[in-house]
Amino acid sequence: MADAIEINGLTKVFDGLVAVDHVSINIAEGELFGLLGPNGAGKTTLIKMLATLLMPTSGTAKVSRYDVTKDPDKVRRCIGIIFQDPSLDNRLTGKENLDFHARMYGMDGELRKERMSEVLDLVELKDKANVLVENYSGGMKRRLEIARGLMHHPEVLFLDEPTLGLDPQTRRHIWEYIRNLNKKEDITIILTTHYIEEADYLCDRVAIIDYGKIVALDAPKNLKYSIGVDIISLEISNSADNFVAMLGKLKWIKKMKEHDGFLDLSVKNGETRIPELMNIAQKAGVVVQSVSLRKPTLEDVFLHYVGKTIREEETSVKDQVRERMRRRWHN
Amino acid sequence: MAQLINLEAIYVMWLREMKRFFRAKSRIAGSLAMPFFFLAFLGTGFMNVRFSGMPPGVNYIDFLAPGVIGMILLFASLTAGISVLWDREFGFLKEIMVTPVSRVSIVLGRILGGVSTALIQGILILLISLGMGSKIVGIFGVLSSLVFMVLISAGFVGLGIAIASRMKDIHGFSLIMNFVIMPIFLLSGALFPLEGLPTWLIALAYIDPLTYGVDGLRGCLIGISHFNLLVDFLVLLCFCIVMVGIGAYLFEKTEVD
Ligand SMILES: Nc1ncnc2c1ncn2[C@@H]1O[C@H](COP(=O)(O)OP(=O)(O)OP(=O)(O)O)[C@@H](O)[C@H]1O
Ligand SMILES: [Mg+2]
């Protein structure tokens with residue numbers, strides 16, 4: 001199958017800051033591809049270059065076989081995008097926002113009405129369709145943006161944090177719809193996300209991006225397999241400094257992470273190491289309340305490659321601040 | 001090549017401007033207030049003052065009305081052009097720029113919308129000034145003044161788009177208000193005849209496009225103008241074409257982040 005997207009050494013520098021650093025990826029037609037990375041990793045910048053909104057500093061990218069810098073008009077005709085940041089006209093109603101979009105994409109009257117009603121149903125905004133967007137809640141605005149992005153069934157669809165800040169139930173709906181679009185309508189989808197389970201559940205392949213570089217790229221299953229270790233999680237009640245120091249000397253512990261009273265250890269053949277760990281705990285005078293052994297999740301893969309866990313609060317706080325800034329300017 | 005002139009897109013861009021305009025009732029009232037006060041207070045206050053260079057037999061209010069119409073057109077159309085900046089701030093610009101519509105059509109739609117809203121305000125001020133007793137030479141004058149109103153508005157919408165395309169955020173907004181709009185307005189001869197000014201100011205006034213706009217409006221509405229009306233028309237036409245061209249060019253180049 002042909003590639004829907006070919007990225008070659010794509011780089012974007014903002015006054016000295018390398019936001020995207022020589023990224024090369026090929027994404028096949030019909031693939032559901034995920035970009036996973038912490039705040040400021042360069043996901044949005046990468047997507048904006050692919051969507052022709054930002055000019056690359058160097059490197060090339062082709063979307064649907066068209067070069068994003070040489071043939072931006074043709075690229076635009078093949079793509080759709082749901083932006084991370086607000087992108088609605090607050091002085092128009094929900095319906096008018098959708099109508100604007102549909103007409104800009106040259107959808108004729110019949111199709112326009114049909115799709116509008118379809119996507120409004122999907123995001124459950126039918127009864128608010130004629131209300132001005134400035135009176136929508138944050139979640140409603142997000143849902144409207146998703147509805148809008150799904151309206152014109154492009155060849156390639158970019159979703160920049162599509163479900164950020166939505167309640168779990170709506171998120172599930174959106175996931176199913178995204179899946180359907182991808183499988184039934186054959187739309188190639190590239191999504192960025194902070195939700196590990198979203199990437200895990202939806203994506204055929206996931207690229208982990210950190211400081212503008214791709215640090216890992218594979219199917220979620222293979223990624224988990226690639227770090228090749230088990231995770232032993234110890235629940236510890238008292239102070240563990242001494243214990244941690246003792247474990248730190250052991251070669252067979254690949255990685256150690258303390259979080260909310262738990263100590264996560266990455267080790268090979270986890271089953272065989274538990275007794276030894278119990279001994280050390282006893283010597284260190286640490287009370288272990290529970291032990292669990294699990295196969296790595298995508299979260300662990302992320303931790304392995306990026307060295308920290310994805311923190312969702314960070315983004316939501318940032319987004320709230322941004323939203324507030326916008327409101328303040330709104331007279 | 002995307003279809004250069006996309007009528008549907010131009011229409012929907014225009015429609016959006018109109019909807020936003022008519023929904024912002026308080027803003028319309030606000031923008032009409034200043035020209036109204038100019039007419040009411042300057043018009044009566046300077047009723048009996050003779051400016052040097054004032055054509056004989058012309059009341060100040062008659063002289064002032066076309067100037068104030070020029071003023072509202074300037075304000076309204078620059079604001080409409082600069083609204084690109086607000087779209088950038090609220091993120092809607094991304095939505096517009098990522099569509100497969102040619103930049104030319106987007107700019108044309110914006111200009112059409114900006115000209116329409118400016119024209120509505122210009123006509124309202126014309127009606128108000130008539131209500132306040134300013135006289136006009138006849139219906140043909142009114143109709144030809146509309147041509148000038150369109151040219152003035154289109155040119156300044158273009159200028160607004162050009163400025164907004166070069167700006168990253170709204171922080172420079174008041175700078176533009178003070179360093180672009182006010183000089184253009186005050187130098188245009190909207191409030192007083194240019195004849196009395198020192199030469200260097202007259203030179204500046206002559207490169208101010210609004211000078212020809214206000215003069216053209218005066219020629220149409222009260223039948224007295226400084227330049228030949230054809231000169232006014234041609235200068236404005238050039239201004240308009242150049243500005244729309246520059247506006248479209250810079251808008252084409254703008255990045256959205
Ligand atoms: N217009 C800009 N000017 C200067 N720096 C920018 C600009 N846009 C992004 N950056 C910087 O580039 C880096 C990558 O930003 P980007 O928005 O692509 O990250 P991201 O992975 O989408 O993050 P998030 O998860 O928070 O959305 C950040 O350090 C950001 O500060
Ligand atoms: Mg982002």
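Select B:Asp208 and B:Leu210 to begin: at the start of helix H9 of chain B, a side-chain oxygen of B:Asp208 lies within 2.9 Å of the backbone nitrogen of B:Leu210. The model is predicted, so local features need pLDDT of at least 70 and side-chain atom pairs pLDDT 80 or more, whereas totals for chains, interfaces and linings use all residues. Residues are numbered from 1 along each chain as its sequence is written, chains are lettered from A and ligands numbered from 1 in the order in which they are written, and side-chain values use heavy atoms, without hydrogens or water.

Next, select residues 209-222 of chain B, which form H9. Helices here are DSSP runs of H or I with at least four residues, and strands are runs of E with at least two, numbered from the N terminus. H9(B) has 14 residues and reaches 20 Å from its first C-alpha to its last, close to the 20 Å expected at 1.5 Å a residue; the expected span is 1.5 Å times one less than the number of residues. Because 14 of its 14 residues are buried, H9(B) is largely enclosed by the rest of the structure. Buried means under 20% relative accessible area, with a 1.4 Å probe and protein chains only.

Move on to B:Gly223, which follows H9(B) and has a positive phi, near 75 degrees.

Finally, select chain A. Its secondary structure comprises twelve helices and 14 strands, and its C-alpha trace spans about 75 × 40 × 40 Å along its principal axes. Of the 331 residues in chain A, 53% are buried.

Conventions
Buried means under 20% relative accessible area, exposed over 50%, partly exposed in between (1.4 Å probe, protein chains only). A polar contact is a pair of N or O atoms within 3.5 Å; within protein, one must be able to donate a hydrogen and the other to accept it, and residues adjacent in sequence count only if both atoms are side-chain atoms.
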